[in-house]
Amino acid sequence: MSLIRRSSVFDPFSLDLWDPFQGFPFGSGSGSSLFPRISSDSDTAAFAGARIDWKETPEAHVFKADVPGLKKEEVKVEVEDGNVLQISGERSKEQEEKNDKWHRVERSSGKFLRRFRLPENAKTEQIKASMENGVLTVTVPKEEVKKPELLHLRRYCSSLFRTPPNTPDFMGSTSSMPENSRHRRMSTPARKRLMRDFKRLMQDPPAGISGAPQDNNILLWNAVIFGPDDTPWDGGTFKLTLQFTEEYPNKPPTVRFVSRMFHPNIYADGSICLDILQNQWSPIYDVAAILTSIQSLLCDPNPNSPANSEAARMFSENKREYNRKVREVVEQSWTAD
């Protein structure tokens, strides 16, 4: 068995990307057909269509191929064009002696060739292959996806909001408090829960949202929602603030868009008309759930309960003009301070 890396022109839509019957005899005749007639040597087809499983684990892409009766030297594992895995093999037909008399021939012979385009995270230079009991296993390690460091993401979110240097801490600083008072304040149920929300948001962040508490006040968060792909909001970067109280999670935070918005359920001051932030609130919701719900609201507004009557009317009666206004908001989000 050999591991080979070579380069050639690769067309993912080519008909010969995988032709399990290439090189095998088909029925005679000049006519062409989508389903060629296999000759009496049709047992080769069973070998040509080698069955291959491809699974992905957190660490690698793993391919398993049934190649019964093949020797290691009869199998090749190659990488073409940097990211195309090719698995091929050939079992020669047993040579017939002049005096041999065959009563039955069922064992397959011939060639097989399978190709798979590997994703970008595949580490093709570290591919490993092994054979055992007629099963070929090819392991392609994956690049490790590094999660953002908490401090870096906090600084990123904070940097999106330029706060004047002399802005007072309206929630009150704890730096001048006695040690025991500061400890009691930082260990309240609300603050413990917010630390848990923050940790969960960093460890398993939903797509298109980010958030972090301010450095000196865990009850005040800065957040960013990215407009969902393939929607009028696509490409937008929208800033929000979340103001919590010591009654969280029994009571919802006050959430407000800092970025200018045009949406049926967002007021002019950025406040949001969303049921889970009002009468449908539940303590099971965390920061990630709040931000994800708001992101979904962007594309799925409720014009029957408008906070912006113009946007609600336009959404219902003139969707094209509504989408144009949304695109204006998206473009403004790129340059807004």
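Reader: Which exposed residues does the face of H7 turned away from its buried side carry?
Author: This is a predicted model, in which local features need pLDDT of at least 70, side-chain atom pairs count only at pLDDT 80 or more, and totals for chains, interfaces and linings use all residues. Residues are numbered from 1 along each chain as its sequence is written, and side-chain values use heavy atoms, with hydrogens and water left out. Buried means under 20% relative accessible area, exposed over 50%, and partly exposed in between (1.4 Å probe, protein chains only). On the face of H7 turned away from its buried side, the exposed residues are Arg320, Trp334 and Thr335.

Reader: Which residues of H7 are buried, and on what arc do they lie?
Author: Helices (H or I, at least four residues) and strands (E, at least two) are DSSP runs, numbered from the N terminus. The buried residues of H7 are Tyr322, Lys325, Val326, Val329, Val330 and Ser333. They lie on the same side of H7, because the arc they cover around the axis, taken from the directions from the helix axis to the C-beta atoms, is only 150°.

Reader: What do the buried residues of H7 pack against?
Author: Contact means heavy atoms within 4.5 Å. The partners of the buried residues of H7 are S11 and helix H6 (309-317).

Reader: How many residues of strand S11 are buried?
Author: Strand S11 spans residues 237-243 and is mostly covered. Of its 7 residues, the number buried is 6.

Reader: Which strands pair with S11?
Author: Two strands pair if DSSP finds at least two bridges between them. Strand S10 (residues 217-226) runs antiparallel to S11 and is joined to it by 7 bridges, with Phe226 opposite Thr237. A further 4 bridges link S11 in the antiparallel sense to strand S12 (residues 254-257), where Gln243 stands opposite Thr254.

Reader: Which side chain of opposite charge is nearest to the buried Lys325?
Author: Lys and Arg count as positive and Asp and Glu as negative, while His and the chain ends are not counted. A salt bridge is a side-chain nitrogen of Lys or Arg within 4 Å of a carboxyl oxygen of Asp or Glu. Lys325 has no salt bridge, although it touches Phe262 and Met314, not counting residues up to four places away in sequence. At 4.5 Å, the nearest side chain of opposite charge is Glu328.

Reader: Which residues are joined with Glu328 into one network?
Author: Glu328 forms a salt bridge with Arg324, their closest N and O atoms being 2.5 Å apart. The two are separated by about one helical turn, because they are 4 residues apart in helix H7. Both count as partly exposed, Glu328 with a relative accessible area of 31% and Arg324 at 40%. Salt bridges that share partners join Glu328 into one network with Glu321 and Arg324.

Reader: How far apart in sequence are the parts that Arg115 and Glu80 tie together?
Author: Arg115 and Glu80 form a salt bridge, with the closest N and O atoms 3.6 Å apart. Arg115 lies in strand S6 (residues 110-117) and Glu80 in strand S4 (residues 75-80), so the parts tied together are separated in sequence by 35 residues.

Reader: Is Glu80 buried or exposed?
Author: Arg115 counts as partly exposed, at 23% relative accessibility. Glu80 has a relative accessibility of 1% and therefore counts as buried.
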